[in-house]
Amino acid sequence: MVARGGSWEVTSGLYWSILVCTGVYWSILVCTGVYWSILVCTGVYWSVLVHTGLYWCILVHTALYWSVLVHAGVYWSMLVCTGPYWSILVRTGPYWSVLGRVASSSRDNPVHLWDAFDGTLRGSFRAHNHLDEPVAPHSLAFTPDGSRLLGGFDGAVREFPTERPGRSGLERALKQGGQGQRGLIGCLAFSPSQSLFAAGSYGRSLGLYPLEGGGAVALWPRLPAAPTHLRFSPCGTHLYAGGRKDCHILCWDLRVPDRPLLALPRRVATNQRVTFDLDPSGQFLVSGDTDGFVTVWDTLTPPGAGDPPELPPLLRFRALRDCVNGTSLHPWLPLLATASGQRLFPAPWDSDSEEGTEEGPAPGGDIRLQLWWWGPDGPGDSGSGDCHQPGDNESVLTHGGYS
């Protein structure tokens, strides 16, 4: 330890720690190998800067007002609290998206916009058909900047301005003169790099449209199955589509959209929507299936034979004995969230059973929300179960679930 006036410097092997005190103002600088951590306190005002490899995290405290800025690769996340009011600002590439709002839709009801932090209703959007009857969208998606909410209807989408709730949606037909997409628009996705959105129809079609208006720039009218979930790669050049009662997730290179680039095998035996997710780099894709398995693919691995070429899984493990219908990867932490469950109907010979309530027997299935740790070392397993990936470099997978 070396003391220099009001400054102390400590050296311990490869690890450095510097503490500086100047009156009531403190400054701390810590270096641990390649990981840097800086803490600065000025009176009642705090500022924290943390650097961990390629990931940056900035925390600033000014009296009752907090501001958090996180940088993970090319993805930025900002959380700001001003008194009791919270808002989140997320940047993905050149687009900024304001989060903190959740949109919900149910049959014969308006679209509701909820506050993600306190659960209060922030606004409602109403859509009506040509008979002035209320109709509900079958899919919802926010634009990248958060200024508009798109809903999928029968052969059309409607744009609702998020800053002006009410009956102010603009309808945009996707079928004109017998051409285009027919059927209910069951899934929507926005490109992170271009002003484009993709729409999937239960009529087994998929279209790519400019956000400003106009016809389709690409249209796939006859898919093997009706798409129920869409996802763009982070670079915006690849589009993934998964359908109901289908055995593959299809991937297109939008620079050569004539034929699918890849086919990722998974089993979806019902009409239920089974979602998938990509990691922030776009290399790994994760999905569940109706058999209770979670599968991981490395999209940079050369595919095998077939038309389209089939990509073999990198990792596959059984998560549950029921349908895993939802998967979501954390933007920068090695965490995976999975949702499971499905509607199960009693056998006809059990219909006369006295069990159950007046509304009928409760739906069965293993309904859970689980968190899985993908890191090299588990952070402390709060649940049960683990999975190891074959190979020299093993990845440990632990989880804790809630039902």
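**Aromatic contacts, group meeting**

Let me start with a cluster: Phe190, Phe197 and Tyr209 are linked by ring pairs. Keep in mind that this is a predicted model.

How many aromatic pairs does the structure hold? Six. Take Phe190 and Phe197, one of those pairs. Their ring centres are 6.0 Å apart. Their planes meet at 45°. An angle over 60 would be edge-to-face, and under 30 would be stacked. So 45° makes this pair tilted.

The cut-off for buried is under 20%.

Next, Phe317 and Trp374. This aromatic pair is edge-to-face. Centre to centre, the distance is 6.4 Å. The angle between the planes is 65°. Where do the two residues sit in the chain? Phe317 is in strand β34, residues 315–318. Trp374 is in the loop between β37 (368–373) and β38 (386–388). The two are 57 residues apart, and the pair links distant parts of the chain. Phe317 counts as buried, because its relative accessibility is 6%.

Now charges over rings. Which arginine lies over the face of Phe153? That is Arg158, at 5.0 Å from the ring centre. There is also a tyrosine case: Arg244 lies over the face of Tyr202. Here the distance from the ring centre is 4.5 Å.

To recap: a cluster of Phe190, Phe197 and Tyr209, an edge-to-face pair of Phe317 and Trp374, and arginines over Phe153 and Tyr202.

Methods:
Residues numbered from 1 in each chain as written. Predicted model: local features only at pLDDT ≥ 70, side-chain atom pairs only at ≥ 80, totals over all residues. Heavy atoms only, no water. Phe/Tyr/Trp six-rings, centres within 6.5 Å; stacked < 30°, edge-to-face > 60°. Helix = DSSP H or I, 4+ residues; strand = E, 2+ residues; numbered from the N terminus. Buried < 20%, exposed > 50% of the residue type's maximum accessible area, 1.4 Å probe, protein only. Lys NZ or Arg CZ within 6 Å of the ring centre and 35° of its normal.
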